[in-house]
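Here's a quick briefing to read with the structure open beside you. Have a look at the picture first, then work through the notes by topic.

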There are 4 protein chains.
Amino acid sequence: MIQVGIIGGGGYTAGELLRILLHHPETEIVFVHSNSQQGKLISDVHQDLIGETWLTFTNTLTTDIDVLFLCQGHGQSVKFLEQNDIPDEVTIVDLSRDYRLGEEFIYGLPELNKPDIQQSKRIANPGCFATAIQLGLLPLAKTHEIKDEVHIHAVTGSTGAGQSPVPTTHFSWRSNNLSIYKPFVHQHLDEIKRSLTQLQPGFDQALNFIPVRGNFSRGIFASLYMNTELNVEQLHDLYHEFYANQPFVLLSQQNPNLKQVVNTNKCVLHVDKHGDKVLIISMIDNLVKGASGQAVQNMNLTQGLEETAGLNLKAIAF
Amino acid sequence: MIQVGIIGGGGYTAGELLRILLHHPETEIVFVHSNSQQGKLISDVHQDLIGETWLTFTNTLTTDIDVLFLCQGHGQSVKFLEQNDIPDEVTIVDLSRDYRLGEEFIYGLPELNKPDIQQSKRIANPGCFATAIQLGLLPLAKTHEIKDEVHIHAVTGSTGAGQSPVPTTHFSWRSNNLSIYKPFVHQHLDEIKRSLTQLQPGFDQALNFIPVRGNFSRGIFASLYMNTELNVEQLHDLYHEFYANQPFVLLSQQNPNLKQVVNTNKCVLHVDKHGDKVLIISMIDNLVKGASGQAVQNMNLTQGLEETAGLNLKAIAF
Amino acid sequence: MIQVGIIGGGGYTAGELLRILLHHPETEIVFVHSNSQQGKLISDVHQDLIGETWLTFTNTLTTDIDVLFLCQGHGQSVKFLEQNDIPDEVTIVDLSRDYRLGEEFIYGLPELNKPDIQQSKRIANPGCFATAIQLGLLPLAKTHEIKDEVHIHAVTGSTGAGQSPVPTTHFSWRSNNLSIYKPFVHQHLDEIKRSLTQLQPGFDQALNFIPVRGNFSRGIFASLYMNTELNVEQLHDLYHEFYANQPFVLLSQQNPNLKQVVNTNKCVLHVDKHGDKVLIISMIDNLVKGASGQAVQNMNLTQGLEETAGLNLKAIAF
Amino acid sequence: MIQVGIIGGGGYTAGELLRILLHHPETEIVFVHSNSQQGKLISDVHQDLIGETWLTFTNTLTTDIDVLFLCQGHGQSVKFLEQNDIPDEVTIVDLSRDYRLGEEFIYGLPELNKPDIQQSKRIANPGCFATAIQLGLLPLAKTHEIKDEVHIHAVTGSTGAGQSPVPTTHFSWRSNNLSIYKPFVHQHLDEIKRSLTQLQPGFDQALNFIPVRGNFSRGIFASLYMNTELNVEQLHDLYHEFYANQPFVLLSQQNPNLKQVVNTNKCVLHVDKHGDKVLIISMIDNLVKGASGQAVQNMNLTQGLEETAGLNLKAIAF
């Protein structure tokens with residue numbers, strides 16, 4: 001059994017990680033660290049876990065583990081690793097953005113870097129928007145077919161904004177509402193561009209990205225389009241080939257809808273040609289494939305487990 | 001024109017009051033007081049008021065007005081009136097619960113106390129749950145027909161919890177969720193009992209009240225039932241008679257639904273007999289008839305205006 | 001008082017029209033025609049109208065009116081006018097798309113065609129998406145500044161899909177969901193292009209339009225961007241000038257959110273420059289400014305009333 | 001591997017059954033029967049199953065199976081079994097209400113009838129409201145402690161109303177709305193009374209049940225209260241004892257909320273004393289513990305599998 005520790009256990013991504021790991025056939029949770037919740041039952045904080053665990057949050061640390069998940073806020077992972085000496089043989093999966101752009105950690109998008117992830121013990125888990133957008137574009141980058149600017153519009157659920165209540169996550173404000181934030185300058189663009197450049201050297205097309213706050217809890221619904229000379233058959237071939245061995249990326253022939261992926265580790269893509277443009281719809285659950293599910297997928301790869309272990313999750317569907 | 005001032009202008013009930021008063025044919029807003037928002041455009045804080053007013057929040061006070069609305073939190077109205085000398089001739093409508101149970105202010109439920117309200121310059125605006133529940137029971141109390149315990153279940157929108165973001169108003173938590181709070185002991189029971197006793201002296205039946213947090217922004221949906229020997233015709237007669245001259249209380253023959261009243265000052269009641277029991281469904285918008293709309297109704301009555309002035313509001317319907 | 005008749009009274013847009021007209025200070029509703037609801041109380045079908053009217057639906061027609069609103073489905077207005085002889089002096093406002101592209105009716109977008117509307121008795125009320133998108137682009141077209149393709153993404157509420165229950169309006173499917181329909185080919189593009197060409201002769205830029213089904217009942221939230229050499233001051237000047245005398249179009253300096261406009265006849269626009277691109281956010285309530293509110297605005301203009309008469313509607317805000 | 005067939009494969013409960021069975025470690029789906037969807041890919045109808053199965057719907061039947069699930073509408077199971085000869089050795093789990101009140105099938109509430117279910121090949125799966133309400137009351141009935149009338153209020157998600165779009169499941173109507181239906185006379189009362197009588201012979205207390213249509217897709221949130229002389233310790237002991245060996249019924253010390261159980265087979269109960277009354281909150285997912293999850297639980301019991309096999313489902317939580 002893989003021995004697992006979790007840092008930052010009280011937040012959304014840690015809760016989601018626990019929901020998955022408690023039923024993972026190959027893992028054992030050694031500790032769940034939290035300064036704010038220390039001593040409490042985990043199921044008193046993540047209340048849906050009632051009946052699934054009698055673990056409590058701890059504020060002490062052991063390194064006698066195989067995998068350590070860092071689930072604190074952005075900036076906290078760097079601090080944590082400065083203050084704590086984690087042995088080299090312990091695999092670290094960092095869910096913050098602290099190590100996504102550097103060279104110390106492997107960027108943990110399995111559909112891009114699977115062989116490197118399998119060999120690595122330091123994984124930077126991608127951002128949620130970044131995951132949805134990259135999975136929509138990687139096949140085009142692989143074949144150097146991003147030859148024009150890309151137009152991206154993506155709506156995210158409220159869990160993407162984290163656990164601290166703020167005005168834009170107040171139910172009275174957010175229900176039945178929509179709003180844009182950080183248009184053209186969202187911080188995830190950096191990691192997206194780096195990945196595209198990895199596959200398509202010299203990539204320098206504009207990524208025009210409009211992020212939107214949606215009135216639902218879970219999910220990212222992204223549409224992406226650009227001019228292309230590829231026809232629809234070429235496009236379908238290219239996507240099918242790229243994702244042939246990627247168990248969580250599914251190509252839908254039907255017009256898709258977000259709830260197909262909510263509560264799963266899937267990314268569903270729909271690719272079609274409209275005039276001169278290819279339109280790609282890319283959908284994930286921001287807390288699963290966009291965070292904790294992908295972290296488990298990365299753990300599976302680093303530990304030599306089946307990639308899908310513990311990740312056959314029932315969709316909410318309704 | 002009635003000259004109006006508002007204290008506590010940055011909160012939900014003040015915003016709602018402004019939405020109504022800005023189109024009221026007989027009022028002029030003299031000032032909107034707010035310590036936290038002082039100097040800002042009102043339409044920069046209550047953003048839906050864009051284009052309707054160029055007023056700014058002030059932190060100074062003038063008493064050269066006809067009506068003063070107190071929209072601060074509970075406990076703040078007492079403090080405010082201790083610290084500020086409001087002339088007797090200025091009508092005060094207090095939206096907090098500070099004066100609902102005392103003798104200094106008239107309890108401002110027009111369907112109960114209209115003649116007194118018309119003569120008064122100190123009005124304590126009722127609570128939202130209290131409004132919905134009392135309007136469901138007053139006709140029975142009037143005829144001394146509450147002869148058994150009453151079973152009350154009421155679901156409230158998130159705006160009832162106020163503007164400060166807290167865990168139970170976080171969108172990620174509240175959407176698609178339900179939960180009970182303060183079962184059998186909600187603080188509004190006191191004002192309800194006082195009103196029932198006013199009509200039915202010696203009233204001492206139990207009011208079993210289960211308040212529920214609903215996953216919608218606006219509205220209160222209450223069901224009330226009790227044993228009664230009255231038959232359905234007697235019940236309908238009793239309710240029709242009691243509300244004959246009350247423009248905002250409507251008796252529905254059809255099975256009602258909450259959105260009939262959302263964004264209006266209406267209370268829709270549906271009364272039916274099931275076996276030995278009368279079932280009353282009572283529905284209001286907690287911010288309108290349950291707060292600011294009722295405050296305007298009280299203002300209208302105290303100022304000798306048409307009771308419905310400024311209160312013919314379009315329902316949201318969908 | 002303006003005498004009004006309504007055809008197709010049982011549907012969403014007729015219900016919304018009634019909600020507005022019943023409180024309009026200058027109109028009297030003479031009849032509400034409906035084949036399917038004939039004989040029923042209007043408030044038994046549009047249940048939120050309880051207490052506001054005792055009118056019933058009729059299946060007979062009188063032409064002794066000033067204004068006739070056609071609220072039937074697309075294709076039905078042509079049939080109706082073939083089968084019924086409406087005198088020339090009766091103003092017709094058609095809410096279907098039957099006459100939007102022809103020459104017989106004036107296209108009833110007041111911000112584009114106000115002088116013609118004021119002189120006309122045949123008005124084709126614009127589509128909801130078309131209204132939001134045109135109001136976002138008209139100032140640029142007026143100055144012939146649409147010099148590149150435009151990227152448009154717009155999310156609509158479920159009321160846009162009409163009253164008949166279908167799979168994509170089933171609550172179990174639509175709640176918490178998003179999906180795209182008719183990408184790049186939505187039928188409203190025709191009326192949009194016609195209007196842009198009216199202001200910018202020879203207009204032939206691509207309008208790349210992604211329509212999205214949103215999980216809310218009311219509202220259209222549109223984002224539009226394109227390359228422009230205009231700087232932000234020039235853009236603001238241009239929009240302020242174009243809308244200086246348009247009471248329902250408001251320019252927001254703040255980042256806007258959809259609920260600012262829900263239940264109102266407003267269109268709120270936010271215009272900003274990002275790099276080489278202008279981003280315009282345009283928001284309306286699809287049933288009000290996108291349908292019945294605009295129809296009343298057109299009625300007001302044709303009848304020589306104040307343009308805003310009956311249209312100072314309280315926003316839902318929450 | 002248990003060989004499984006499904007009748008009525010296109011509906012909600014069949015879809016949910018497939019979501020569970022496709023990842024059940026001990027089952028193999030032999031056929032999914034549907035007259036309306038025959039020939040289509042299952043994942044084209046239940047779209048979230050993309051990537052999980054290449055099965056298609058069939059309109060032919062084989063009886064070479066271990067378990068047959070009947071997922072058609074109420075009344076259809078009787079017809080099906082009249083028209084089709086299912087061998088005695090095939091276990092039938094009927095999700096309709098056709099056999100719940102007769103003697104031919106065992107009433108499949110495991111927490112009531114586990115030994116009988118384990119010995120039976122004909123199981124009538126309980127109703128969703130009935131499950132939530134019974135699980136709230138069984139421990140009291142077991143000790144003959146239901147000595148007064150019970151007050152029950154329960155809100156259900158829209159999936160309880162089935163797949164056919166009707167006015168009360170139209171998103172435009174149902175979102176942000178609440179309404180009551182069948183007060184005091186809901187059809188599930190019969191099966192509830194029968195179970196209570198089974199444990200408390202001669203049971204004849206009134207069950208005052210107010211069912212409510214909620215504005216969410218999944219879940220039942222029920223509150224139940226009655227007078228009792230038991231104190232809170234006695235109540236807790238009684239519930240803990242009754243559910244000691246029932247893996248899916250959890251007793252929460254905290255005030256619970258519906259999303260703890262959504263997408264799981266759990267029933268979370270909270271029991272507390274308020275004055276003379278015991279208040280029980282009982283929550284399930286209507287499609288899982290209230291339908292298809294419980295059907296799988298029954299299958300597990302009849303086939304000698306672990307009761308929880310395939311039912312450790314990740315909660316949606318948000």
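Predicted model: local features only at pLDDT ≥ 70, side-chain atom pairs only at ≥ 80, totals over all residues.

**Overall build of chain A**

- Chain A is made up of 9 helices and 13 strands.
- Its radius of gyration comes out at 19 Å, close to the 20 Å that the globule rule gives for 318 residues, so chain A is as compact as a globular protein of that length.
- If you box in the C-alpha atoms of chain A along the principal axes, you get roughly 60 × 45 × 35 Å.

**The sheet in chain B**

- As background, strands of a sheet pair through backbone hydrogen bonds, either parallel or antiparallel.
- Strand β7 (residues 150-156) of chain B pairs with strand β10 (residues 220-227) of chain B in the antiparallel sense, over 6 bridges. To find this pairing on screen, look for H151(B), which sits opposite Y225(B) in β10(B).
- At the β11 end, β11(B) and β12(B) run parallel and are joined by 3 bridges. Here L250(B) faces V268(B) in β12(B).
- β12(B) also pairs with β13(B), antiparallel this time, through 7 bridges. V271(B) has I280(B) in β13(B) as its bridge partner.
- β12(B) and β13(B) make a hairpin with 2 residues between them, and G275(B) in the turn has a positive phi of about 60 degrees.

- In chain D, 7 strands form an open sheet with mixed pairing, in the order β8-β9-β7-β10-β13-β12-β11.
- The edge strands of chain D are β8 (179-180) and β11 (249-251), each pairing on one side only.
- β8(D) is held to strand β9 (residues 207-213) of chain D by 2 bridges, and the two run antiparallel. I180(D) is found opposite V212(D) in β9(D).
- Helix α5(D) lies across β7 (150-156), β9, β10 (220-227), β11, β12 (267-274) and β13 (277-284) of chain D, at about 40 degrees to β10(D).
- How do helix α5 (residues 128-142) and helix α8 (residues 232-242) of chain D pack, and at what angle? They meet at about 105 degrees, with their axes 9 Å apart.
- Angles of 65 to 115 degrees count as roughly perpendicular, and α5(D) and α8(D) are therefore roughly perpendicular to each other.
- The residues making this contact are L138(D), P139(D) and K142(D) from α5(D), together with L238(D), Y239(D) and F242(D) from α8(D). Sorted by class, that's 5 nonpolar, no polar and 1 charged residues.

**Where chain B meets chain C**

- Chain B superposes on chain C by a rotation of 180 degrees with 0.0 Å of shift along its axis (RMSD 0.0 Å). The two copies are thus related as by a two-fold rotation axis.
- The contact involves 28 residues of chain B and 27 residues of chain C.
- Helix α1 (residues 12-21) of chain B gives the most to chain B's side of this contact, with 3 residues.
- By class, chain B's side has 9 nonpolar, 12 polar and 7 charged residues.
- Of the interface residues of chain B, 96% are also interface residues in chain C, so the copies meet through the same surface.

**Where chain D meets chain C**

- Chain D puts 12 residues into the contact, and chain C puts in 12 residues.
- On chain D's side there are 4 nonpolar, 7 polar and 1 charged residues.
- Here 100% of the interface residues of chain D are also interface residues in chain C, so these copies meet through the same surface.

Key
Residues numbered from 1 in each chain as written. Chains lettered and ligands numbered in written order. Axes fitted to C-alpha atoms, helices over the stretch in contact; angles between N-to-C directions. Helix = DSSP H or I, 4+ residues; strand = E, 2+ residues; numbered from the N terminus. Parallel < 35°, antiparallel > 145°, perpendicular 65-115°, else oblique. Contact = placed C-beta atoms within 7 Å. Nonpolar A, V, L, I, M, F, W, Y, C, P; charged D, E, K, R; others polar. Pairing = 2+ DSSP bridges. Least-squares fit on C-alpha atoms with pLDDT ≥ 70 in both. Rg over C-alpha atoms; globule rule 2.2 N^0.38 Å.
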